[in-house]
Amino acid sequence: MERRDFIATLGAAAAASAVPLRAAAASPESGRITLLHTNDTHSHIEPFGPGNGALTGRGGVARRATLIKQLRAAVGTSLLLDAGDTFQGTPYFNLYKGRLDYRLMRMMGYHATTLGNHDFDNGVDMLVAAMESMEAMNHPNAPFAFINCNFDFKGAPHLEKRMRPYMVREFPGVKVGITGVGVAFAGLVSPQNHVGVTWRDPYESLKPVVKHLRETEKVDLVVLLSHLGYQMDGAYDDLRLPAHVSGVDAIIGGHTHTFMDVPVRVPQALGETIIFQVGFGGVNLGRMDFAVTHGGVRASGGTSIPVES
Amino acid sequence: MRSLFIVPLLATLLAAQAPPKVKAGLVQSIPVNGSIPDDPAMATYLAPYAAKIKASFGQPLVKAPLGLFRGRPGEENLLGYWVADTMRAAAAKSIGMPVAFAFTNSGGLRANLRRGQLKVEDIYEVMPFENEVVILELTGAEVIQVIREGLLHRGGEPCSGVLVKVAGTAEKPLLTVTWADGKPIDPAATVRVATTDYLYTGGDSIPTLKKGRNLVRTGLTLRQVLLDRCAALAKAGKELLPPAPGRYLVPPEIREAIREKKVRL
């Protein structure tokens with residue numbers, strides 16, 4: 001994995017965001033948005049200690065908070081998102097039961113996350129208690145959203161009322177739809193830890209949600225927080241998803257702790273899905289910039305809308 | 001909205017409302033490293049939480065002069081052997097009866113134990129989960145099947161009480177399992193087996209463990225058992241040393257074929 005100097009990275013980022021998209025940003029019919037994201041932070045609140053190989057000295061929530069502030073000041077419109085597995089991995093989780101993790105996420109200004117398998121490690125009631133602790137804190141940032149469309153929460157009403165299948169955020173020139181999917185419990189989460197929550201086919205669950213976001217909410221950009229994993233043995237993963245579900249512009253992935261320096265682009269019926277994942281433990285912060293231009297004159301039947309670089 | 005354009009008539013009607021063009025710009029993974037200063041407000045907020053962690057988790061536990069490591073692919077998981085041995089001994093002690101076999105999953109051991117003085121937090125990093133040690137009964141044939149499933153699923157999972165040997169070729173492998181003293185396993189005999197509630201309830205895909213009968217929940221987390229063992233060693237003035245290798249003897253070509261899922265055992 002490449003280790004880049006932070007200052008150089010910020011400099012390059014500022015240059016890249018200023019030059020190629022300026023024309024689009026000038027039009028009132030156009031908008032830009034930056035997605036900042038993490039996945040599988042696993043209670044790594046402090047930087048990785050010695051003995052962790054290339055990860056030693058990396059990560060740390062207090063640094064991530066600084067980086068997020070700096071980037072937000074530089075990029076304009078942004079969303080801060082996470083792909084799940086916030087819990088489990090250090091004594092911080094054992095002592096603070098995920099409550100501290102979620103409170104810190106609110107302090108950093110996260111807008112939304114989804115649920116990974118490890119977020120169920122202490123059972124549904126402890127997960128709800130961590131959510132409540134985050135909601136109850138006195139902080140100027142709003143509580144963030146928990147998004148998933150393929151778990152049936154009917155048997156767990158306290159969790160159900162905190163979950164939503166999707167979220168829509170509108171900014172000048174950009175309307176964004178965010179949804180989420182989670183990995184199957186079988187073999188990963190003990191039955192007693194997901195009482196009342198049932199996993200359903202993520203592809204079939206996503207289809208109507210993406211359709212609703214595109215056709216009813218008329219969002220410009222569909223973002224999926226996925227805890228399916230980048231590439232798995234079974235039928236469900238981020239790489240296979242675009243062949244089954246069209247219309248997702250960006251997948252913020254998790255579960256497989258995949259370190260990606262560049263995104264993977266997968267063609268789908270309505271264009272292209274960009275898949276990205278940034279390792280684990282908060283050692284990286286992902287950034288994806290999008291520009292949206294409205295009022296194009298082409299509307300030929302059935303053509304795809306390219307999601308290009 | 002996009003799918004509306006599949007219908008030519010609608011496409012014509014909605015021609016004025018062309019879909020938005022989405023264009024991805026910069027996409028990058030930004031390292032979070034020491035060149036980024038701590039956010040002062042966050043650091044202040046975290047300080048008391050970190051102090052409490054340090055007070056409880058920074059306690060010295062036992063010296064491990066050689067460390068205990070999970071091993072690279074192809075090497076034996078000595079840390080896993082120690083965990084399985086410790087689990088078997090604790091299970092036997094908790095019911096006051098012998099436990100012949102213990103089995104755990106390498107995926108559940110989340111860190112190595114580094115050389116030197118171990119602290120409480122090191123055991124938490126190895127075993128962060130709240131998994132409980134459980135005891136169940138299996139036949140000798142089922143014990144061998146559990147080992148086979150672990151071999152096929154993960155190349156051989158940490159266990160205690162047995163010796164596992166795969167001979168022959170990748171095309172025709174021959175699995176032999178004996179008790180640790182070399183005595184044969186009677187396939188029909190019932191023995192007590194220690195594992196975790198996670199594996200017993202289907203975690204990590206070892207289906208034969210689910211067949212376990214007469215389940216005993218020990219009420220002990222696997223982590224507590226490991227912590228207790230370390231504390232007992234330190235109290236006795238001993239060091240924590242890795243168990244001897246040699247529990248799994250699998251030739252490299254068969255190991256590779258297992259990894260590629262080309263082997264039937």
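At what angle do the axes of helix α3 and helix α7 of chain B cross? The model is predicted, so local features need pLDDT of at least 70 and side-chain atom pairs count only at pLDDT 80 or more, while totals for chains, interfaces and linings use all residues. Residues are numbered from 1 along each chain as its sequence is written, and chains are lettered from A and ligands numbered from 1 in the order in which they are written.

In chain B, the axes of α3 (residues 78-95) and α7 (residues 222-235) come within 10 Å and cross at roughly 95°. Axes are lines fitted to C-alpha atoms, for helices over the stretch in contact, with angles running from 0 to 180 degrees between N-to-C directions. The two helices are therefore roughly perpendicular, a term covering 65 to 115 degrees. B:Val83, B:Thr86, B:Met87 and B:Ala90 of α3(B) meet B:Leu222, B:Val225, B:Leu226 and B:Arg229 of α7(B); contact requires C-beta atoms, placed from the backbone, within 7 Å. Six of these residues are nonpolar, one is polar and one is charged.

Chain A comprises nine helices and 14 strands, taken as DSSP runs (H or I, at least four residues; E, at least two). Of its 309 residues, 53% count as buried, meaning that 20 or more other C-beta atoms lie within 10 Å of the residue's own.

Note on methods:
Buried ≥ 20, exposed ≤ 12 C-beta atoms within 10 Å, placed from the backbone. Parallel < 35°, antiparallel > 145°, perpendicular 65-115°, else oblique. Contact = placed C-beta atoms within 7 Å. Nonpolar A, V, L, I, M, F, W, Y, C, P; charged D, E, K, R; others polar.
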